[in-house]
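Dear colleague,

Please find below the structure that I am handing over to you. My notes on it follow directly after it.

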Amino acid sequence: MVAGCLAQSPEAFDRPRIVDVRRGLSSVEIAELLVDEDVLSHKWGFLWKRMLNRSANLMAGEYVFERPMSAEEVFEKLVTGRVRLYPITIPEGLNRFEIAGLVAEKGIGTEAEFLALTALPGPIKDLLPKAATLEGALFPDTYHLSKASTVHDLVRSMLHSFREALAEARKHRTVELSDWDATVLASMIEDETAVSGERPLVSSVFHNRMRRGMLMQCDPTIAYGMMLEGRYRGMLYRRDLSDPTPYNTYVHEGLPPGPITNPGAASLNAAFGPAETDFIFFVARPGYTSGHSFSVRLRDHNRAVQALRAYNAEVRAARRADRTKLETAD
């Protein structure tokens, strides 16, 4: 048997070592951090590697080390930026104000910072020249960010994903529709139904109404317009149907001035590819868990509306009865 000096991999740490390479740290400070965490046995190999690669960019962020590493391995890891990532999920159908709250909750940035950045339409103007903000182009998805990521990084990723989703939806369109109108329409579809299979049906209603020159009569557009003016109270009342906001599609013809939510891929697909129907009405089914009733004739729609109102009245009566029982028990 021939004896040999086979290289042995260093034993794994009993727990992963997390090294936070903050922005602005010098190479010496980074090397000393790595030595303190026992990732490197000494700092000189790393600093020699740095001297030979002065133009290399060492990426900030949190790095996870399962075992001690050589100076070459560590340097390559920092240059390629293989940092620890944290997921943030942006649900479909949130407007930019709601997303701002989620971003602040996750500690990526402040609400004010997100709103200020997304109020500027410049990054999307080449694709959507009519855009007044980034509303509608903040694509809902799960994004993986490092500790060093900023609001700018998140918004940049969301806009990139939106461009890809819009381009893909456009490939399969069955109706002529501009990118802007498709984005606005998709935002309405997204806000009207959370049932994936209904989106092409909701889209068909709006397309049929546009073809006939009918008002869109989309309740969420009123709510969004009132919210922009600081007047939304959390629910719509009958008198709000005549509210003068430019987003009121019960008063103004055609689509609203801009998107009211940030739609996902399914709603973008539905905007470009509505189902082939004659429906021009829809209303939620009683219970809100069964989707919507779609109608061609007004009288059928009125029946569906009456059924919903009767159900809501029953629910309110039951709640009042429960409150009365509690008060009596007290």
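What percentage of the 330 residues of the protein count as buried? The share is 42%. Please bear in mind throughout that this is a predicted model.

Overall form

The secondary structure comprises 11 helices and six strands. The radius of gyration of the protein is 28 Å, well over the 20 Å that the globule rule gives for 330 residues, so the protein is more spread out than a compact globule. The C-alpha trace spans about 90 × 60 × 50 Å along the principal axes. Among the contacts with a separation of 6 or more, 61% are made by residues 24 or more positions apart.

Surface and charge

The protein has an accessible surface of about 18300 Å², and carbon and sulfur atoms contribute 53% of that surface. As for charged side chains, 40 are positive and 43 are negative, and 4 Å separates the centres of the two sets.

Helix H7

I would draw your attention to helix H7, which runs over residues 179–192 and has 14 residues. From its first C-alpha to its last, H7 reaches 20 Å, close to the 20 Å expected at 1.5 Å a residue. Is this helix largely enclosed or largely open, and why? Because 12 of the 14 residues of H7 are buried, H7 is largely enclosed by the rest of the structure. Buried here means under 20% relative accessible area. Among the buried residues of H7 are Asp179, Trp180, Leu185, Met188, Ile189, Glu190 and Glu192.

The buried residues of H7 pack against both helices and strands. The helical partners are H6 (151–171), H8 (199–212), H9 (219–228) and H10 (265–272). The strand partners are S5 (281–284) and S6 (292–295).

Backbone in two loops

Most residues other than glycine have a negative phi. Asp38, which is not a glycine, has a positive phi of about 65 degrees. Asp38 is located in the loop between helix H1 (27–36) and helix H2 (44–52), and is partly exposed, with a relative accessible area of 45%.

Gln217 likewise has a positive phi, near 50 degrees, and is a residue other than glycine. The loop between H8 and H9 holds Gln217; both of these helices also pack against the buried residues of H7. Gln217 is partly exposed, at a relative accessible area of 34%.

With kind regards

Methods:
Residues numbered from 1 in each chain as written. Predicted model: local features only at pLDDT ≥ 70, side-chain atom pairs only at ≥ 80, totals over all residues. Heavy atoms only, no water. Helix = DSSP H or I, 4+ residues; strand = E, 2+ residues; numbered from the N terminus. Expected span 1.5 Å × (residues − 1). Buried < 20%, exposed > 50% of the residue type's maximum accessible area, 1.4 Å probe, protein only. Contact = heavy atoms within 4.5 Å. Rg over C-alpha atoms; globule rule 2.2 N^0.38 Å. Areas by Shrake-Rupley, 256 points an atom, 1.4 Å probe, with all protein chains shown as cover. Lys, Arg positive; Asp, Glu negative; His and termini not counted. Charge placed at Lys NZ, Arg CZ, Asp CG, Glu CD.
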